[in-house]
Amino acid sequence: MINLTPIARKIFAGRVKACESWCGSAEDIQRKQLGYLLRRGSETKFGQASGLHKIADYEKFARKIPVAGYDRVRPFVMRMISGEKDVLWPGVTRRFAQSSGTSDGKSKYIPVTDDSLRLNHYRGAGDSVAHYLSLYPESRMFAGKGFVLGGSFSNELKHVPSGVTVGDLSANLIDAINPVANLFRVPSKRVALLTDWQEKLPALIEASGKSDITNISGVPSWFLTVLRGVLEHTGASEIHEVWPNLEVFFHGGISFAPYKEQYDAIIDPSRMHYMETYNASEGFFAYQTDRSDKSMQLLLDGGAFYEFISPTDSTTEFPDAIPAWAVKPGETYAMVITSCNGLWRYPLGDTVTVVSTDPLKIVIAGRTRHYINAFGEELMVHNADAAIAEACHRTGAAVANYTAAPVYTTGHSHGRHQWIIEFSRMPAEGTEAFADVLDKCLQQENSDYQAKRAHSIFLDRLSITVAPEGLFDQWLASTGKLGGQRKVPRLCNDRRYVDPLLEMIDRS
C-alpha cells in the first residue's frame, strides 16, 4: 500500500495549529459555541418551550435552564426516535446510540445528529490523529490500515421505525463514515456491524490477520480479547509478528492502567504508542496531545458547551456550576454538557480532574455513581484502577476484569470491601497475598480509605473472590450488554452488581 502519511500530515496540520491557538481563548471559544447552540436550539420544540430565543449569554442560560438527567430527557428522545422533527435539535434525527441504563433499569438512547457527527465525533477523532502525527514525525500510519473495533445495531427497542438505526455509538460512526475511509480500515462494514460476538470474533480475527495493520482503535478490555485471538489463530507469540508495522493504539472508554502490563506482554513496548481519548456515547470531548502527559485536552470548538459542578451536586436542578474558563487546576468536577445532539445541561455521570487550564486539560476520575463511600472512604474508580495496576506489578498478576462493592457492618464484624476479580494470570503468592498488597495500594492512593483502615477500627481488610474465566462476559451477555462499548461497573456503593455475579459463581 502506498504511504499516504505525508499527505495526511499536511491535511491534519491545520487542526493542530488551531488547537494550539486555544490558549488564552477558552472563554471566547466556549461562549461562541453556546451562542451557536442557543440559535439552533431556539428552532426546536424544546427551545420554544424553554425560551431559548430569549437567552443571550451563559449567565442567563445557567439561571433559566435546569440541569436534566436522562429520566427527564427520555420522553423527548422517544419522540425523536418515532420520527418527530425539531424536538431537541432541528430536523429529523435517524441515528441513536444505545448506552448503559439509568436508575430505572432501561437503556439510554442518545441522539446522534448529523451536526454531532460532523462537528463533534469525527472532528474529535480527527484531532486525535492530527496530534499523533504531529507528535510522531516518523509515523507511517497511513501506509497500512486501521483496525477499528466497534459494536453493532443490537438494541432493546422492540419496534424501530424504518430508516432509524439504534445501537452502539461505534456502530453508528462506522455506518455513517465517508466511504473513502473504508479504504484505510478493517474489517468490512458487514463484519464490523455483526451482532453475534460468537460469529463476529472469529470474523474479526480472520479479517485483521490478513491485513497490514498500522493502528488500532477501541476499548482496551475488548481489544485485548481480539489480540489474543489473533495470536492464537496465527501461532505468533507477539503481535508485531503478525502486524510488523503496528505503531499506535487509540483507546478510550475505560482506564488503560490495569491493562498496560498485559499489552506489553503481547506487543513490543518499544514499537508501540498509546493515545487516550474521551469518546462517549454523548460526544467526543477530549484527547491526548503530549507524549509524556496522559491528560487530555478538552475539545473546545466541537459543538459542545461544558459546565463543571461538584460531584455531589449532580442531581440538583440549578447547581453551582462553573464554565470551562473558570475551573481550577487540581479540582475534581462532574461534567455537564450542552451539545449539538440536543442534550441541554445534561450531566454525563463522569467526574474529571482538571490538570491545567491553559490549555484546558483533564483526566477522567470516574463516574458520579461508580464509587464506594459506604464508610466515608470515598473510593473512586481512578483510585481502584491505579491500585490494582500497582498490585499486579508487585505480584506478577494480571487482571482481566473486576468489580467491587461494600460488605456492610454487622453486630459481629466490621465492614469491608468485597472484590470479584477475574485474573488472566494468577498472583504468584496466591490471592490472599494479593489482597494484602491491593489493600496497601488502595491506602496509598486514597487517604480517606487509609484513615478508615487504620488499625481495622472502622474498616477491615478487603476480601477477594476469584471469578472463573469469562464470568464478566457471561454476566454482560445476561444483561444484554455484551460487546461494543459496554463496560463492567468497577465500583458500586451497593451490591446490585456483586450479588448476581456471586450467584453465577455459586452455580458454576
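1. Strands here are DSSP runs of at least two residues (E), helices are runs of at least four (H or I), and both are numbered from the N terminus. Two strands pair if DSSP finds at least two bridges between them.

2. Before you read on: this is a predicted model, where local features need pLDDT of at least 70 and side-chain atom pairs count only at pLDDT 80 or more, while totals for chains, interfaces and linings use all residues. Residues are numbered from 1 along each chain as its sequence is written, and side-chain values use heavy atoms, with hydrogens and water left out.

3. Within that sheet, strand E9 (residues 283-288) and strand E10 (residues 296-298) run antiparallel and are joined by 3 bridges. Gln 288 stands opposite Met 296 in E10. Angles run from 0 to 180 degrees between N-to-C directions, with axes fitted to C-alpha atoms (for helices, over the stretch in contact).

4. There is also an open sheet of 3 strands, in the order E2-E1-E4, again with mixed pairing. E2 and strand E4 (165-167) are its edge strands, each pairing on one side only. From one strand to the next, the twist averages 25 degrees.

5. Take a look at Phe 96. Its bridge partner in E2 is Pro 111, and in E4 the partner of Phe 96 is Val 166. Strand E1 (residues 95-99) runs antiparallel to E2, with 4 bridges, whereas E1 and E4 pair in the parallel sense over 3 bridges.

6. Strand E2 (residues 108-111) is covered on both faces: Lys 108 and Ile 110 on one side, Tyr 109 and Pro 111 on the other, are all buried (under 20% relative accessible area, using a 1.4 Å probe and protein chains only; exposed is over 50%, partly exposed in between). Helix H5 (residues 70-81) lies across E1 and E2 at about 65 degrees to E2. Helix H7 (residues 169-176) lies across E1 and E4, at about 155 degrees to E1.

7. Now the helix pairs. The axes of H13 (residues 381-395) and H14 (residues 431-445) come within 8 Å and cross at roughly 135 degrees. That makes H13 oblique to H14 (under 35 degrees counts as roughly parallel, over 145 as roughly antiparallel, 65 to 115 as roughly perpendicular, the rest as oblique). The residues in contact (heavy atoms within 4.5 Å) include Ala 387 and Ile 388 in H13 and Phe 434 and Leu 438 in H14.

8. H9 and helix H10 (residues 220-234) have axes that come within 9 Å and cross at roughly 65 degrees. The contact is made by Leu 201, Leu 204, Ile 205, Glu 206 and Ser 208 of H9 with Thr 225, Val 226, Gly 229, Val 230 and His 233 of H10.

9. Last, Ser 211 is placed in the loop between helix H9 (197-209) and strand E6 (213-218). Ser 211 counts as buried, at 16% relative accessibility. Leaving aside residues up to four places away in sequence, Ser 211 touches Val 186 and Trp 243.
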